[in-house]
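This report describes the fold and the packing of a single chain. Please examine the sequence and the structure shown below before reading on.

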Amino acid sequence: MNPELILIPGLNNHRISLLFQSHDFCYQQKFEIVQKRIKFMPEEINCIICNHPANIKLENLEGYQEGETFTIYHCSSCNTSFAWPHVINENIYDKIYSHADIIPGYSRYTLYANEITSQKNPLDYLANKEAVYFSIKEILEKDVGKEARILEVGAGLGYLTYAIRKEGFNIVGLDISSDAVEQAKIKFGDYFICGDIYEFRNDNEGRFDVIILTEVIEHISDPAGFCDALLKLIKNDGQLIITTPNKSSFSSEEIWETELPPVHLTWLSETSFKSIAKQKNLSLSFFNFSDFNKTHIDVTRFIFYNQFYKIKNRAPVLDRNGKVIIPAPLRKAKGTKGKLKIAFKKYFKPFFIQFLTHKKNINRNNVLCVILKKNR
Ligand SMILES: [Zn+2]
């Protein structure tokens, strides 16, 4: 086992370096060490994406678990916000995944994993549920051949990898959680690998045509370094498809409209990715969500939304003991209310969306899907 040097991005002169055995190290311990050191936090912190000096936007934001507080920094150069301390706390994921079926934002993943095998067309099912999957489906159908080698990084419960494979694509799923990989293998088949991306990269350089990373990068402490690892895995003409909550679709007054830290550590914008692409000499394009937006209501896109429906302040989801504070009622698997619902979906939804939303932003969604390719 090689010791690994952990660098906390953003800190230049006061960079914290921790030497540890990558497999034996207790993450909670690391988190506490960093939190202690953070008391000596320098005034100036640089953007974790573009290295431009970042400004404090909010102090003492209570995090995902009661009792933890964070500072939110913003970079005006690349419109990236990030939480400080900027450190992954693996403990919190154990707590989340042991209650995933009742945690808001996570309960739907359990639902998809449970429902997907009974779907006639699993990828259509997911694409109709969420913009993220819609974008992945469209890109694969338009740009990727069935012979292409695809890797889903952070495959989690495995349902997206399964749905893509059902369409005839050559895909495998990678996840760091052995529990998740074990469950996915039992449920869907033997095309899931358990591993750490930095180790996996060493043995699989240039092996993939496409890498899919959905809703993962915002959880990572070093998004730019993580991208480097993914770029090593793709061929020279390969592509990296990344989805993440889109800061660009919110006004600059919104400080942190995404999951509380340390679950989400970074809130990236379109400009964040332009900066990453420039630094790494990549070409980039953003997926156009207008086809999805025309048929799916998103209240935050309404013209009067900001004036009349201010988002409630986000509150911790876990108490100090790791118990869930607000359980989300599990959505019923088949909650159709018949013809009325179908009529609403078909006629009224497009009507509302056409007349109540910012038409000029119809191509943009609260999630961002970016396609990165190596410049040759
Ligand atoms: Zn920046």
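The model is predicted; local features require pLDDT of at least 70, side-chain atom pairs count only at pLDDT 80 or more, and totals for chains, interfaces and linings use all residues. Residues are numbered from 1 along each chain as its sequence is written.

The chain holds 13 helices and 14 strands (DSSP runs of H or I, at least four residues, and of E, at least two, numbered from the N terminus). Of its 376 residues, 36% are buried, a term for 20 or more other C-beta atoms within 10 Å of a residue's own, with C-beta atoms placed from the backbone.

A nonpolar core is a set of buried Ala, Val, Leu, Ile, Met, Phe, Trp, Tyr and Cys residues joined through C-beta atoms within 7 Å. In the largest one, of 76 residues, Ile211, Leu213 and Ile241 touch the most other members. Helix H5 (residues 131-143) contributes the most to this core, with 6 residues. A second, separate core has 8 residues, among them Tyr64, Ile103, Val317 and Leu318.

Thr244 lies in strand E11 (residues 234-245). Thr244 is buried because 26 other C-beta atoms lie within 10 Å. Its C-alpha is 10.0 Å from that of Thr258, 14 residues apart in sequence.

The table lists contacts (C-beta atoms, placed from the backbone, within 7 Å), leaving aside residues up to four places away in sequence.

| Residue | Residues in contact |
|---|---|
| Leu213 | Val153, Gly154, Leu230, Ile241, Ile242 |
| Thr244 | Glu215, Ile217, Glu218, Leu268, Val367, Leu368 |

Note on methods: Buried ≥ 20, exposed ≤ 12 C-beta atoms within 10 Å, placed from the backbone. Contact = placed C-beta atoms within 7 Å.
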